[in-house]
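Colleague: I'm new to this one, and I'd like to hear how you back up the words you use for it. Could you show me the structure before I start asking?

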Amino acid sequence: MAPMYGIPDRLKALSAAEEQVLLALWDCKPPVSRRDIGARLAQKGWAAATVLNFLYRLEEKGWVTCTKEQNHNLYAPTVTRRAYGVYTMRQRLDTVFGSDLAQAVRALVSESGCSQSELEQAIAVLNEKHAESEEYDLYDPYG
C-alpha cells in the first residue's frame, strides 16, 4: 500500500500522549536522550518512567528509532514534523470538512481570531500556490 499523505502506512496510529512525546522530540535536535525529551514535558508533570514508556511505544509503532550510545538510548523521529503535520491536517480536512478546503479555511479564519498579519501571510501563501498551479496549467510539453 502507498504512503498516506507522505506517512508510511506501516506506522501505527498515535494516541494524544504519544503525539505529545513526538512533538517534544521534534523540538530537540535529534538524536535525543530521554532526559532531553523529559525536560520538554516536565511542565506537564510527566515522570521519567512515563516518558520512557511512551518512547518505547513510539519505537514499537515505528515513529522513532532508538540507538545506544555508551549507556544512553538516543531517539530520532522516522518522519519529519512537517510530514506529520500535513498528514494530520489532511486527515482532519477529509474527515471533518469532507475534503472541502474552502469550508475548512472559512471556519478556521472566522473562528480562530487571526490577526491581520496572519491573514496576510496566509493570503500570500495561497497566492503563491495559485501562481504555481497557473504556471503548471500553462505548461505545454508538446509546444
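Modeller: What follows is a set of questions and answers about terms and the values behind them. Keep in mind that this is a predicted model.

Colleague: Let's start with W63. Why is W63 called buried?

Modeller: Its relative accessibility is 2%, and the cut-off for buried is under 20%. W63 therefore counts as buried. As for its place, W63 sits in the loop between helix 3 and strand 2 (64-69).

Colleague: What does W63 touch, leaving aside neighbours within four places in sequence?

Modeller: The list is I7, L11, K12, L14, L22, L58, A76, P77, T78, V79 and Y84. Take K12 from that list: K12 and W63 are 51 residues apart in sequence, yet their C-alpha atoms are 8.1 Å apart in space.

Colleague: Which residues touch the most other members of the largest nonpolar core?

Modeller: W63 again, together with I7, V21, L22, L25 and I37, out of 22 residues in that core. Helix 1 (16-26), helix 2 (34-41), helix 3 (48-61) and helix 4 (81-96) each bring at least two residues to the core. Helix 1 contributes the most, with five. As a general point, nonpolar side chains in soluble globular proteins tend to be buried together.

Colleague: And what does V21 touch?

Modeller: Not counting residues up to four places away in sequence, V21 touches I37, L41, W46, F54, L55 and L58.

Colleague: How do you describe the way helix 1 and helix 4 cross?

Modeller: Two packed helices are described by an angle and a distance between their axes. Here the axes come within 11 Å and cross at roughly 145 degrees. On the helix 1 side, E19, L23 and W26 take part, and they meet R81, Y84 and T88 of helix 4. By type, the residues of this contact are three nonpolar, one polar and two charged.

Colleague: Now the loops. Why is Q70 called exposed while S99 is called partly exposed?

Modeller: Q70 has a relative accessible area of 74%, and exposed means over 50%, so Q70 qualifies. S99 has 38%, which falls between 20% and 50%, so S99 is partly exposed. Q70 is in the loop between strand 2 and strand 3 (72-77), and S99 is in the loop between helix 4 and helix 5 (101-111).

Colleague: What about the phi of Q70 and of S99?

Modeller: Q70 has a positive phi of about 55 degrees, although it is not a glycine. S99, also not a glycine, has a positive phi of about 70 degrees.

Colleague: Last one: is the peptide bond from P30 to P31 cis or trans?

Modeller: Cis, with omega near -5 degrees. P31 belongs to the loop between helix 1 and strand 1 (32-33).

Key:
Residues numbered from 1 in each chain as written. Predicted model: local features only at pLDDT ≥ 70, side-chain atom pairs only at ≥ 80, totals over all residues. Heavy atoms only, no water. Core = buried A, V, L, I, M, F, W, Y, C linked by side-chain atoms within 4.5 Å. Buried < 20%, exposed > 50% of the residue type's maximum accessible area, 1.4 Å probe, protein only. Helix = DSSP H or I, 4+ residues; strand = E, 2+ residues; numbered from the N terminus. Contact = heavy atoms within 4.5 Å. Axes fitted to C-alpha atoms, helices over the stretch in contact; angles between N-to-C directions. Nonpolar A, V, L, I, M, F, W, Y, C, P; charged D, E, K, R; others polar.
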